Amino acid sequence: MILVSGGFGWQGIKAAEKLKGLDLSYYDKIITNGITGFCIACFQLKKEKILHQSIKSLKPYLNTIDKDYIFFGNIKNCLKLSSNLGKYEYQLEEDAELNIPLEIELINLKTEEITAKKITTIQESFFYSTLLPGIRPPFQGWYNTASFSRTPCYSLLKYEGEEIEIYDSPYNYHKSSTIQRLYKSIQVMRSRYFYELVMDEIKTKNKVHFKG
């Protein structure tokens with residue numbers, strides 16, 4: 001059984017909250033994108049203090065990439081995002097081995113290769129979960145796929161005959177005319193279109209369950 005969940009910005013944290021009560025030992029793989037993977041790792045290792053400290057340090061970055069401002073604030077934020085990939089440098093004070101089969105979906109911006117990277121430590125989960133535009137620049141060409149698809153799906157195309165549980169993130173978008181909201185609307189619609197296209201193919205080869 002494969003568990004799939006993720007989300008861009010604050011949605012990635014909300015997605016992980018939904019999974020707190022699940023017995024993750026039931027799953028052969030846990031494939032995530034966004035910050036969801038790091039949150040799941042913290043919950044499983046009972047490192048919620050680390051999680052809260054990290055989210056506090058991430059808050060200004062998450063607000064920048066995932067918040068609506070008023071009028072000229074939206075224009076200013078668009079210009080900021082277009083010229084700055086992010087320079088987040090916060091580091092965890094401790095590390096620990098993971099006891100779950102966690103993977104984080106990544107895309108190589110140079111080769112367009114998509115893979116689910118196996119994660120073995122909480123520091124790894126933190127780094128690759130925050131490898132997002134507006135937070136960190138790409139690492140050796142690799143970026144987290146959350147800005148392309150709210151829920152990881154591209155790496156699932158290789159599977160056949162698997163049972164897959166997918167915890168979707170909402171695809172809400174704003175209909176305001178300000179530039180930032182228009183950009184976010186286009187981004188979310190693009191993400192949803194490719195997600196549904198890929199998921200149609202995955203459903204023909206696997207037994208897929210969508211969870212709320």
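The questions and answers below concern a predicted model of one chain.

User: What share of the contacts in the chain with a separation of 6 or more comes from residues 24 or more positions apart?
Analyst: The chain has 212 residues, and buried residues make up 50% of them. Its accessible surface comes to about 10900 Å², with 53% belonging to carbon and sulfur atoms. For contacts with a separation of 6 or more, the share from residues 24 or more positions apart is 73%.

User: Which residues of β1 point one way, which point the other way, and are they buried or exposed?
Analyst: Strand β1 covers residues 2–5. I2 and V4 point one way from the strand, while L3 and S5 point the other way. On both sides the residues are buried.

User: In what sense do β1 and β2 pair, and what is the handedness of the β-α-β crossover between them?
Analyst: β1 and β2 (residues 29–32) pair over 4 bridges in the parallel sense. Within this pairing, the bridge partner of S5 in β2 is T32. From β1 the chain passes through helix α1 (residues 10–18) to reach β2, and this crossover is right-handed.

User: Which residue forms a salt bridge with E103, and how far apart in sequence are the two?
Analyst: The structure holds 4 salt bridges, and one of them joins E103 to K29, with the closest N and O atoms 3.1 Å apart. E103 has a relative accessible area of 4%, under the 20% cut-off, so it counts as buried.

User: Which loops hold K47 and E94, and what is the distance between the closest N and O atoms of their salt bridge?
Analyst: K47 is in the loop between α2 (36–44) and α3 (48–66), and E94 is in the loop between α4 (72–83) and β3, 47 residues apart. K47 is partly exposed at 24% relative accessible area, and E94 is partly exposed at 36%. The closest N and O atoms of the pair are separated by 2.8 Å.

User: Where do D200 and K203 lie, and what is the N to O distance of their salt bridge?
Analyst: Both residues lie in helix α6 (residues 179–205), 3 residues apart, which is about one turn of the helix. D200 has a relative accessible area of 46% and is partly exposed; K203, at 41%, is partly exposed as well. The N to O distance between their side chains is 3.8 Å.

User: What is the separation of the C-alpha atoms of L102 and K29?
Analyst: L102 is found in strand β3 and is buried, with a relative accessible area of 1%. Residues up to four places away in sequence aside, L102 touches I30, T32, G37, A41, K117, K118, I119 and S125. L102 and K29 are 73 residues apart along the chain, yet their C-alpha atoms are separated by 6.3 Å.

User: Is S149 buried or exposed, and which residue's backbone oxygen lies 2.6 Å from a polar atom of its side chain?
Analyst: S149 lies in the loop between β5 (142–144) and β6 (163–167). Its relative accessibility is 0%, so S149 counts as buried. The backbone oxygen that lies 2.6 Å from a polar atom of the S149 side chain belongs to T151.

User: Where is K46, and what is its phi?
Analyst: K46 sits in the loop between α2 and α3 and is exposed, with a relative accessible area of 74%. Most residues other than glycine have a negative phi. K46 is not a glycine, but its phi is positive, near 55°.

Definitions and conventions
Residues numbered from 1 in each chain as written. Predicted model: local features only at pLDDT ≥ 70, side-chain atom pairs only at ≥ 80, totals over all residues. Heavy atoms only, no water. Buried < 20%, exposed > 50% of the residue type's maximum accessible area, 1.4 Å probe, protein only. Polar contact = N/O pair within 3.5 Å; in protein donor to acceptor, adjacent residues only side chain to side chain. Pairing = 2+ DSSP bridges. Right-handed = clockwise from strand over helix to strand, strands pointing away. Contact = heavy atoms within 4.5 Å. Areas by Shrake-Rupley, 256 points an atom, 1.4 Å probe, with all protein chains shown as cover.
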